[in-house]
Amino acid sequence: MPYDIPVLSESELTLRPHDEADIDPVLSRCVDPLTRRWTTVPLEYTREMAVEYVAAISVPQEKEISWALEAGGAYAGTLDLRFKGANSGDLGFVTAPEYRGKGLMSRAVGLAVAYALDDLGWDVVSWSANAGNVGSYKAVWRNGFPPPIAVPHFLPHRGKMVEGWVSSLAAEAPRKPSGSWAQWNDVAASLPQPSSPPLFTPTLRS
């Protein structure tokens, strides 16, 4: 049975279904260098791909909920909640370049985690990213996800299996940083170090 895409809001931030107005902002964030570095978005991303992508994720899907982040009436990113079986699922997200560093994705993760654990009744939500993606971990750390573990050869990335960071949050766990993890600088300094330099994607030339 397909999952509905509920509208979730907190102050000026809203999670909502994607619509046609998101096509060009999606294209813009897909050709952004940081998006290319940390995700598997096609390097030669076109507007036609953005049109197809938005059409596919703007309707209920069998095992996934895809939300557009809206801040002040504008598209600010995409967050996916993916059902993996055994009453659990994981998060995937990407922030539009102009909205990075504002804490919006941290708040969006909080809304999505609450929906998964409280409304859908999941037991656990997991997060993973290429090792070294500190910004991605910060968004989940603010919602109680414990320090990640590093797993070699864990995630596919442009034809290679690369090291990944993995963390999960159980339904009964606190959903905010606690104890010695209250200071982000200390947290960032304690994260596992990638065993190899982070991958950089090639620069495309027109």
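The largest pocket of this structure is lined by 47 residues, and Trp38, Thr39, Phe93, Val94 and Asn133 lie nearest its centre. Keep in mind as you look around that this is a predicted model. The space in the largest pocket comes to about 1300 Å³. What kinds of residues make up the lining of the largest pocket? The lining divides into 21 nonpolar, 16 polar and 10 charged residues. Strand S5, residues 88–95, gives the largest share of the lining, with six residues.

**From the pocket into the strands**

S5 pairs with strand S6 (residues 124–130) in the parallel sense, over four bridges. If you want to find this pairing by eye, look for Leu91, which stands opposite Trp127 in S6.

| Strands | Sense | Bridges |
|---|---|---|
| S5 and S6 | parallel | four bridges |

**A closer look at Val166**

Val166 is found in strand S8. Is Val166 buried, partly exposed or exposed? Val166 counts as partly exposed because its relative accessible area is 22%, while buried means under 20%. Leaving aside residues up to four places away in sequence, Val166 touches Trp127, Ser128, Pro148, Ile149, Val151 and Phe154. How far is Val166 from Leu120 in space? The two are 46 residues apart in sequence and 22 Å apart in space, C-alpha to C-alpha.

Helix H1 spans residues 23–30, and its buried residues are Ile23, Val26, Leu27, Arg29 and Cys30. Which elements do they pack against? The buried residues of H1 pack against helix H2 (33–38), helix H3 (47–57), strand S4 (74–85) and S5.

Helix H5, residues 134–141, has Ser136, Tyr137, Ala139, Val140 and Trp141 as its buried residues. Their packing partners are S5, H4, S6 and helix H6 (184–190).

**Backbone angles worth a visit**

Most residues other than glycine have a negative phi. Where, then, can you find positive values here? Ser11 has a phi near 55 degrees, and its place is in the loop between strand S1 (8–10) and strand S2 (13–16). Ser11 is classed as exposed because its relative accessible area is 66%, where the cut-off is over 50%.

His153 has a positive phi as well, near 50 degrees, and this residue is found in strand S7. With a relative accessible area of 64%, His153 is exposed too. A further positive phi, near 50 degrees, belongs to Arg158 in the hairpin of S7 and S8, which has two residues between the strands.

Terms used: Residues numbered from 1 in each chain as written. Predicted model: local features only at pLDDT ≥ 70, side-chain atom pairs only at ≥ 80, totals over all residues. Heavy atoms only, no water. 1 Å grid on protein atoms, 1.4 Å probe; cavity = no way out; pocket = protein on both sides within 12 Å on 5 of 7 lines; lining within 4 Å. Points joined across faces, edges and corners; volume = space filled by probe spheres on them. Nonpolar A, V, L, I, M, F, W, Y, C, P; charged D, E, K, R; others polar. Pairing = 2+ DSSP bridges. Buried < 20%, exposed > 50% of the residue type's maximum accessible area, 1.4 Å probe, protein only. Contact = heavy atoms within 4.5 Å.
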